[in-house]
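I opened a new notebook page for this one. These are the things I looked up, in the order I got to them.

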Number of protein chains: 2
Amino acid sequence: MPSCGWLLVLSLAALTGIAVGAEGTERNCSLSPPYLPSTAVNTTLRLQELRERMRPLNISAYIIPGTDAHLSEYIAPRDNRVAFMTGFTGSAGTAVVTQTKAALWTDSRYWVQAERQMDCNWELEKDGRGGEIGFDPFLFSLQTQENYNINLDSSNRSLKSIPANLVDQVWTERPPIPPDHLTRLPDRVIQRTWQMKVDHIRNQMRDNPYEPTALLLSALDETAWLFNLRGNDIPYNPFFYSYTLLTMDDIWLFVHLDRVTDELKEYLNASCVGSLCVQLKSYDTVRDDLQKYVAQPGVKVWIGTEYTNYALYELITPEEKLMTSSYSPVLTTKAVKDETEQRILRDAHVRDAVAVIQLLMWLEKAVPEGKETELTAAEYVNNCRSKQKDSRGPSFETISASGPNAALAHYSPTEESSRRLTVDEMYLVDSGGQYLDGTTDITRTVHWGTPTDMQREAFTRVLMGNIEISRTIFPSGTRGANMEMLGRRALWQVGLNYGHGTGHGVGNYFGVHEWPVGFQTNNIPFRSGMFTSIEPGYYKDNDFGIRIEDVAVIVPVQTKYGHNYLTFDTVSLVPYDRKLIDTSLLSSEQISLYHQCIIKSLVFTNHYILLQKYYFSWIASKNIVSSTLLLILSSFHFMILYLLYSMTFLTIYVIFVVTS
Amino acid sequence: MPSCGWLLVLSLAALTGIAVGAEGTERNCSLSPPYLPSTAVNTTLRLQELRERMRPLNISAYIIPGTDAHLSEYIAPRDNRVAFMTGFTGSAGTAVVTQTKAALWTDSRYWVQAERQMDCNWELEKDGRGGEIGFDPFLFSLQTQENYNINLDSSNRSLKSIPANLVDQVWTERPPIPPDHLTRLPDRVIQRTWQMKVDHIRNQMRDNPYEPTALLLSALDETAWLFNLRGNDIPYNPFFYSYTLLTMDDIWLFVHLDRVTDELKEYLNASCVGSLCVQLKSYDTVRDDLQKYVAQPGVKVWIGTEYTNYALYELITPEEKLMTSSYSPVLTTKAVKDETEQRILRDAHVRDAVAVIQLLMWLEKAVPEGKETELTAAEYVNNCRSKQKDSRGPSFETISASGPNAALAHYSPTEESSRRLTVDEMYLVDSGGQYLDGTTDITRTVHWGTPTDMQREAFTRVLMGNIEISRTIFPSGTRGANMEMLGRRALWQVGLNYGHGTGHGVGNYFGVHEWPVGFQTNNIPFRSGMFTSIEPGYYKDNDFGIRIEDVAVIVPVQTKYGHNYLTFDTVSLVPYDRKLIDTSLLSSEQISLYHQCIIKSLVFTNHYILLQKYYFSWIASKNIVSSTLLLILSSFHFMILYLLYSMTFLTIYVIFVVTS
């Protein structure tokens, strides 16, 4: 799925100006009485209650951000205060309530959705300006707080920290924290035990010239990674509410204590006190315990500013007790996968490819019969994935979008919006799975009838972007942001572009957006062993959407003269729709890489007869090579395929070239 | 010439580790007594005097940066305190003196030079760490001061501002400020009068939501641009010492008053008081006058943080009186050339091409005779330029480097280092001119004998980088930093790279590095009407150096589907050395662009018979096309050439392809 940095989102806003609005699906507050669609939520009562609680605090406005105390990108329903207050359920939005006004800020991806879901108590702000404005310090990063402050300053306003969340006081039916126990990862998917990881991070603290005495971990994947634990607090993300304070002598793990089994306590050495014993502490005492720690003389706490909330940051005073970096050493260490993680993450992508190919093959047959919809297709692929080994469900809500719906980059079908799939429209499916060994994310765009010239040109140029990034050789330490224009260049050539990021890290049974790896400006430089998605796209308003997303691992490459150069090795193994490729636009290098990918997939599939079978027949159904030839080829086994790959590459290559 | 951002410089250090060191040219402080080359400077006495002045101030160290109060990139000899104190004359370096130690920090480009020029009082620090450390606040930008403070903090040190420079107190023979009068630009090179510019900047102040009441201009080119004035205080740069404080009602120009003639006073309306009258104030009163201004209630001063020195910044208190942006509105406005500026800057490049082609043609004949050196070549091109219309001398010290000397990116020949030019070595010439209508900067690399395969491959890949940037189409507002990898990509492919920036802005009779335009991370996004150099390179230690530098203007381009797209239009008109191009590496698009450039040059030359003649015969001597054919072509006049360009492009194209 596309990652949407706010800068890019702003340009998306400029580029698109989405305006779907079939009559009746969006609210119309200028009528009297206002027209509200059935999807709008009545927020009158809850707004009234919130305003009552604001008055005694003497604040003129209250900010409601769309995040949780760990500044997670994906949040649990119990943290979706924006949805509760406004009715709007999109994944990005900030609401502000004053005594007389209530307003929601979200980016252009969500304007239509907001008009459908909000009642007329709420204004939709497409840009904006801001006495004293209250905020929950748990929901603001240090950086966000500073940005608000700077921007409010020009209008003589300021922020006031209010640790007890006002929305929660109003939200009587807020979902509880899941009671489920935390789980540890099985040994077969682990190379480094938690004790090894703790040692490794302590070494980084020791080597740091600023001499921190403690490291505070605030992002949920930091604690989950450190202890090789997982939970289920956030849909699609195997995280659990937690903080960690790591010193040279102690490990304090803040969790909901009733969720830790005796077995886990033993695993964590929770009954002792010592440098490799984990002291379990209640999740809610983190502020008190941090304050006590900071009160000691000579301590210095290392925090990553991107993922530490203001409520914890503001306790670390005076300034000499604070040490900051953008990302904690846990996040930068986790970004580079060890050998085991690389191997199992590749494996997960092979099984995942089976599921997606099953979907595409089924759609080839089913769509012309006219009974399938965006929703049934999404269900089908989710079901295919659930049958794969070690499946733990989808890694995000499947984006299954046909025709104009695909022009909304983050659309997911609902009963109301779901379109019937036809041979006359393009179809985009962006989906991924959680597996015990890895997280996947892949997008394919197909057409079952006859695409227009413009659709073929746009698809081919998106593919060219994907290939140009994949085949680039670059020095270790180059930033993704300095290469991402390669994903856009073929589109720019004819005045096309896309309004989202070009890729994001993925992890081993973690979030589907695993920062800080990727192509955004604030991402860290690429190193061997990182995994990232590569996902250029193109979106034509009210018409169609294209995205081609693969996951690739960064690997070392031999060059003629230099050392320490890297390139991408694509681990996604689902073919592209041949019908949408205009080969006359591709350079010979691009065609060659495209063919190499296909042949590499053939070799990989020998471990997975199912994929081999589906892959061949799907390619055949797309008329890339004759099905007879493919059936002959598919009767060969591993050795033969390997020989084909290494020795008779040229023969296959010629066949592909002739038929393409 | 290459622009060296410090980040890139650090990587250059890692990449190269330059080590020339012919015995005896560098100092050897481990001998007893130490060995000093004749180029080393005795600094014992001046260090002793400086230390005597430090003691009563109770500072443990004193920092000597290599800049002036305007944070200029190029400085006048009278500001070269680093050279005076250390003997080292490179253009980048910072010295620190304690009671027992004296150390110079410079980057790897200059390590060899520093070892040649410093005596054994000085340590050369290739990286470093730092009581209270004194500094001259006029020589530190706000950003530099902050960076020092942050870094010193970890070792419990801090900075102490000392406005009266200690080195100046020791430096008895410091050169005086030139007594020359300032000059105004003639009307023929001006589209906007200074009054129009003042109005325009005031409008930007008025429109700013932070409501500044004044704008402080600190960089020398800001004041020079605003008033259409020039001076000669800094070699190669037509600047004069100055500050400007611009309010809605007043204009305060701080200069050395004896340098302003009566005529200029009239031009500046210096005898009145009013919103379009320039009040002349003494250069040395800027701190006092700024302090008085800031003491008034309700004022707010806008400064650009990159070019305002700490001595002025520290006066603007309390914080509510300060408004900052990275660059002043003068610098961002100046970055986009108006129609007149674009036209005359293109014109200057045509005349400049004549001079460079004259040099290259002369070298073709003279080098095989064996009498020419790097120095005589530099003198020749400087002389050719001086004969061109409106010439105002070179825009920087000519880099004329053959064989291993060219591997030092910023090398300029001296009597000691100058090599004889031979047909066995490559030759790199990076030079530029100041003209009343524009500043130029161009680099060509040639070989008069038989280049090695590696030299041809490296040259061709550098050319590919130049072409790939030049031909890229991109949305208006794209940053150079996000495209500059195109200049490196063909090199990366075989494990090669270069350790300097890829380009910098150039101006109309201004500095040859006109920031903030260019390909560095802190440069502003590209807009139509900006000029930038494009200059990839490759350097092989102790062997050869390659750089291909052109200047290009950013122009709008029509695309098939989109609006507001830009591309580069190269304005440098000197051909590349055909002998060094391996056309088998070039794509058909790259060959096509290369030929288009050549043909475009033919058309341009019709105004300049001289260029036409030299250009044709030089191409002919390089065997690109037969000289007979060219002589026939060159007898056509403007109309014919224009027709050739527009109608029989194909014919010419075929001729070039056949012969290449």
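Entry 1: I began with A:Asn269, which counts as partly exposed at 32% relative accessibility (buried is under 20% relative accessible area, exposed over 50%, partly exposed in between, with a 1.4 Å probe and protein chains only). A:Asn269 is not a glycine, yet has a positive phi of about 50°. I found A:Asn269 in the loop between α9 (262-267) and β12 (278-282) of chain A; helices (H or I, at least four residues) and strands (E, at least two) are DSSP runs, numbered from the N terminus.

A note on the basis: this is a predicted model, where local features need pLDDT of at least 70 and side-chain atom pairs count only at pLDDT 80 or more, while totals for chains, interfaces and linings use all residues. Residues are numbered from 1 along each chain as its sequence is written, chains are lettered from A and ligands numbered from 1 in the order in which they are written, and side-chain values use heavy atoms, with hydrogens and water left out.

I also looked up A:Tyr236, another non-glycine with a positive phi, about 70°. A:Tyr236 sits in the loop between β9 (229-230) and β10 (243-247) of chain A and is partly exposed at 33% relative accessible area.

In chain B I noted a cis peptide bond between B:Thr317 and B:Pro318, omega about -5°. A cis bond also joins B:Trp515 and B:Pro516, with omega about 5°.

**Entry 2: the cores.** Which residues have the most contacts inside the largest nonpolar core? They are A:Phe227, A:Leu245 and A:Val301, in a core of 65 residues (a set of buried Ala, Val, Leu, Ile, Met, Phe, Trp, Tyr and Cys residues joined through side-chain atoms within 4.5 Å). Strand β11 (residues 251-255) of chain A gives the largest share of this core, five residues. Apart from it I found another core, of 64 residues, including B:Leu245 and B:Tyr267.

**Entry 3: where the chains meet.** I got 32 residues of chain A in contact with 32 of chain B (heavy atoms within 4.5 Å). The two chains bury about 2,800 Å² between them, 54% of it on carbon and sulfur atoms; this is accessible area (1.4 Å probe) lost on being put together, summed over both. A:Arg489, A:Trp492 and A:Tyr561 supply 23% of what chain A buries against chain B.

How many salt bridges cross this interface? The rule finds four, taking a side-chain nitrogen of Lys or Arg within 4 Å of a carboxyl oxygen of Asp or Glu. I looked at A:Glu468 with B:Arg489, where the closest N and O atoms are 2.7 Å apart.
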